[in-house]
Amino acid sequence: MRTMERLAQLRDVMPPLPGDPPAVDVVISTYLSGSAAMATFWPPLGRWAEKYGSEHEGLTHLPRSQVSGRTGYALLPGGFTQLSVGFLLSISAHSRNKEAAYLFIKWLHSPDISLRRVMYPAALRDPYRLSHVRSQVYRSLWPTAGEYLDTLAQAASGRMFLDLMIPGHAEYAEAFHVADTDIRLGASVPRAMRRLADAWDAITDHHGRRRQRAAYAAFLSRAGPLLPP
C-alpha cells in the first residue's frame, strides 16, 4: 500500500504523460532533451545520452542529447536491480541442420562478436559478459563509459531480484499494470488494490491453488526470488 501511495505521488514530479505507462519514446525524448532530472530505463539510454552513435541511421529518430557530459548512472534505491529474462536463442527440434544452427549461435555469442554486438550504436542489448564490462575498447567509447560499465557490473553483483516464474505470470502482471494505471489516473489506492487482490484470486483459482502453491515453492528455491536483506 505504501508503494502504491508513493506511485500516486509521482504525478506531482513526473513530466506530463498519458495515463498509460509512459511510452518508450516519451521517456527517451524527455530525458535526452534535458526535461527530466532522471529516468529509469534499460542501459542503452546511458549510451544515447552521451551521443554515442548518434549519427547512426538506426538512431536518427531520437532527439539529439542535451545532457551529454551531465549524465550519471546509479542503481535503484537500496541498490537492488532486476534480474529479468534476457534474449534466448534456441534450435528447433525440426531443424534440418541443427549443427550449423548451433555453430551460428556459438559464433554469435563468442567474446569478440558479442562485444561488437553490445557496442553496436542502435543495439538494445546490454553488456552481459565479464569481458564486456572489462573491455578497454568499450570503456574508451565516451568519457564516462567506465562508470557506466562499472554500474552494470554492480547491478549483477548479487542484489538482483528475479522475475516471478509461475504459471499465469503474464496474467498476474497484466492485473497489476491495470491497478497501477488506475492509481496514476487518480483512482483510490485501497480500491485499486482491492480490485487487484480479487483479480489475483481469480487467476490463482483458475490455475488451481494447490498447483500454484507448489509452483511458488519451486520458485522460492531459486536464487534471487526475494530481496536480499
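Helices (H or I, at least four residues) and strands (E, at least two) are DSSP runs, numbered from the N terminus. On that basis the protein reads α-α-α-β-α-α-α-α-α-β-α-α-α along its sequence, with 11 helices and two strands. The model is predicted: local features need pLDDT of at least 70, side-chain atom pairs count only at pLDDT 80 or more, and totals for chains, interfaces and linings use all residues. Residues are numbered from 1 along each chain as its sequence is written, and side-chain values use heavy atoms, with hydrogens and water left out.

Q: Why does Ser35 count as exposed?
A: Exposed means over 50% relative accessible area, buried under 20%, and partly exposed in between (1.4 Å probe, protein chains only). Ser35 has 54% relative accessibility, so Ser35 counts as exposed. Ser35 is located in the loop between α2 (24-32) and α3.

Q: What percentage of the residues in the protein is buried?
A: Of the 229 residues in the protein, 31% are buried.

Q: What makes the pair of Tyr52 and Trp142 tilted?
A: Rings of Phe, Tyr and Trp (its six-membered ring) pair if their centres lie within 6.5 Å; planes under 30 degrees apart count as stacked, over 60 as edge-to-face and the rest as tilted. A search of the whole structure gives eight aromatic pairs. In the pair of Tyr52 and Trp142, the centres are 5.8 Å apart and the planes are at 40°, which is tilted. This pair links distant parts of the chain, 90 residues apart: Tyr52 is in the loop between α3 (44-49) and β1 (81-83), and Trp142 is in the loop between α7 (136-139) and α8 (145-155). Both Tyr52 and Trp142 are buried.

Q: Why is the pair of Tyr138 and Tyr148 called tilted?
A: The ring centres of Tyr138 and Tyr148 are 6.3 Å apart and the planes are at 35°, so this pair is tilted. Tyr138 is in helix α7 and Tyr148 in helix α8, so the pair ties together parts 10 residues apart in sequence. Tyr138 and Tyr148 are both buried.

Q: Which residues do ring pairs link into a cluster?
A: The cluster linked by ring pairs consists of Tyr52, Tyr73, Tyr138, Trp142 and Tyr148.

Q: Why are α1 and α9 called oblique to each other?
A: Axes are lines fitted to C-alpha atoms, for helices over the stretch in contact, and angles run from 0 to 180 degrees between N-to-C directions. Angles under 35 degrees count as roughly parallel, over 145 as roughly antiparallel, 65 to 115 as roughly perpendicular and the rest as oblique. Helix α1 (residues 2-9) and helix α9 (residues 169-184) pack at about 50°, with axes 8 Å apart. The two helices are therefore oblique.

Q: Which residues of α1 and α9 meet?
A: Contact means heavy atoms within 4.5 Å. Met4, Leu7 and Ala8 in α1 meet Phe176, Asp180, Ile183 and Arg184 in α9.

Q: What makes α10 and α11 roughly perpendicular?
A: Helix α10 (residues 189-207) and helix α11 (residues 209-220) pack at about 100°, with axes 6 Å apart. The pair α10 and α11 is therefore roughly perpendicular. Asp201, Thr204, Asp205 and His207 in α10 meet Arg209, Arg211 and Gln212 in α11.
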